[in-house]
Amino acid sequence: MSLLDVSELTVRSADGRALVSGVSFTMEPGARLGLIGESGSGKSLTALAIMGLVPAGMTVSGSAVLDAPGLVRAEVVGATERRLNGLRGRAATVVFQEPLTALDPLMRVGRQLAEYLRRVRGLRGAALRKAVITALEEVRLTDPRRIAKAFPHEVSGGQRQRVAIAMALACEPALLIADEPTTALDVTVQAEVLALLDGLVSARGMALLFISHDLAVVSAVTDHVLVLKDGVAVESGRVLDIVNTPRHPYTRDLVGSARRLDSALDWSQR
Amino acid sequence: MTHANPAGPSDTADPGGAPHSGGAAPAGRRRRSATLVTGCVLAGTIVAVAVISLFWVPFSPEDTSGGRLAPPGPPHLLGTDKLGRDLLTQLMIGARVALTAGLGSVALGGLLGVVAGLLAGFATRWLDDTISALLDILIAFPTLLLAMLVVAAREASLGSAILAIGLAMSAIVARLTRVLVKRVLAQDFITASRTSGTSWPRVVAEHVLPNIWPTLLVNLALQLGLAVLAEASLSYLGLGAPPPNASWGRMLQEAQATVLTAPLGAIAPGVLLVVLVVGVNLVADGLRDVADPTRRRTR
């Protein structure tokens, strides 16, 4: 049985344009899949459709079945809000691109994290406070006590994204969807956060759906990729195969530009 | 733009740095808390007077034994009006009436407005359109005309004034709330919270209300000042609380004819009105900074 079975998933805007058309893929428990494409290719919308959270006015058809251990196998498309709320968090959750806007600006970081820990693990009082600190330590934040007391705008971008990852992990999801989690970060911080995400996903045996426009970043954390262009899945397969023998012209462009950047870097080092 | 930052070293937003603690409080912050303190003192004086008037006033409001237009001096500290009533007594009761009208209409207008605004904020399509259209009509309707309608339907009383002012205010508060809710709902952290399975009621309680609250609170405080002025205007026109409930607005109107012979009768209620409204507005301004942690720290 698959953890996530997406078939013929289609998202239409209010005026009937297909933003995602007929995307299909499956993910086994613990699997890693990269979803790659330029902005506007429907990557994020695919993720939101899997969570049953497409913006008001858009319509979703096709099927996305989540079958997480310990939860009832459920079809997301067309499910009721109550049903979806049971799935969100436990079956799958999302780490967003811009951590500054993904955290409530008026709530201290520790309290936001505590909200999830309380709901998922049923912790209260001192045990909850301790769990918040532990969760912040787990994403390798130094000085977790200060960060727990800080507002989101008082910590750096990299620290914020670590907090956002800690919040996603607090839900103990079977599938973690990372929607361009490193795009808004400095390159050096990017590598650290990527390594952290990689390690935590392995340690917890979670499945990872990694969304990015950057082939190099995707190939660092996933073994399979699905290439989206204008809402259509144009190519899929193992990262190595795609990089070595891209079939679709768009994939060739992607690989080509990544190689050009690489060789430029090599040349500048000489 | 040549001189250096007067607030001291590195007072800009500090990604990753420690939050500012008390030590180097920027000058701007001190100035703003001065605003709050001044406002509290001004408005607090009027509140104190109103509270005292509940227990003690120098004379009975209906006592006309002082003689017409007596000059200031014992036993009538501020003199008497043209009917021989003690001016200080009238002013004290007027403070009570002004505050009751202001707080009453803010309570009514705030409650109605926030509820309607939340509804419209969450609503999509027809419900949102209907509420918005109703609000626009209500806002376009002159407050004075609305007040006259309410007074005609009921009678001229403090309650009628509060009802009229509160209704007019609710439309403004509702429209503000609606926009604030829509803006918060469009933000990523709402989606982020929902991807983790937070239910709608929790999203409203934990994220929506706290995020609209600072702006709403400041607006309600400003509305309080406006409501006090509106009540004075209604009383001036004879649409407010009838005698013996002294209202500053009516005192102004009554003193109008004798402003040259007994100027204090017109000046005193006017000054108190200004003190209260300015005080309330300063409090509103000060609250803006206290209620919003992003403003509190980064400036």
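Asp143(A) counts as partly exposed, because 13 C-beta neighbours fall inside 10 Å (buried means 20 or more other C-beta atoms within 10 Å of a residue's own, exposed 12 or fewer, and partly exposed in between, with C-beta atoms placed from the backbone). The model is predicted: local features need pLDDT of at least 70 and side-chain atom pairs count only at pLDDT 80 or more, while totals for chains, interfaces and linings use all residues. Residues are numbered from 1 along each chain as its sequence is written, and chains are lettered from A and ligands numbered from 1 in the order in which they are written.

Asp143(A) is not a glycine, yet its phi is positive, at about 60°. This residue sits in the loop between α5 (125–138) and α6 (144–149) of chain A; helices (H or I, at least four residues) and strands (E, at least two) are DSSP runs, numbered from the N terminus. A positive phi, near 50°, also occurs at Glu172(A), again a residue other than glycine. Glu172(A) belongs to the loop between α7 (157–170) and β7 (175–179) of chain A and is partly exposed, with 16 other C-beta atoms within 10 Å.

Chain A as a whole contains 11 helices and 10 strands. Its radius of gyration is 19 Å, close to the 18 Å given by the globule rule for 270 residues, so chain A is as compact as a globular protein of that length (the radius is taken over C-alpha atoms, and the rule is 2.2 Å times the number of residues to the power 0.38). The C-alpha trace of chain A spans about 55 × 55 × 35 Å along its principal axes. Of its 270 residues, 44% count as buried.

Between the chains, 24 residues of chain B are in contact with 30 residues of chain A, contact meaning that C-beta atoms, placed from the backbone, lie within 7 Å. On the side of chain B that touches chain A, α6 (188–195), α7 (200–236) and α10 (293–298) each supply at least two residues. The most comes from α6(B), with six residues.

After α7(B) comes Gly238(B), with a positive phi near 80°.

Methods:
Contact = placed C-beta atoms within 7 Å.
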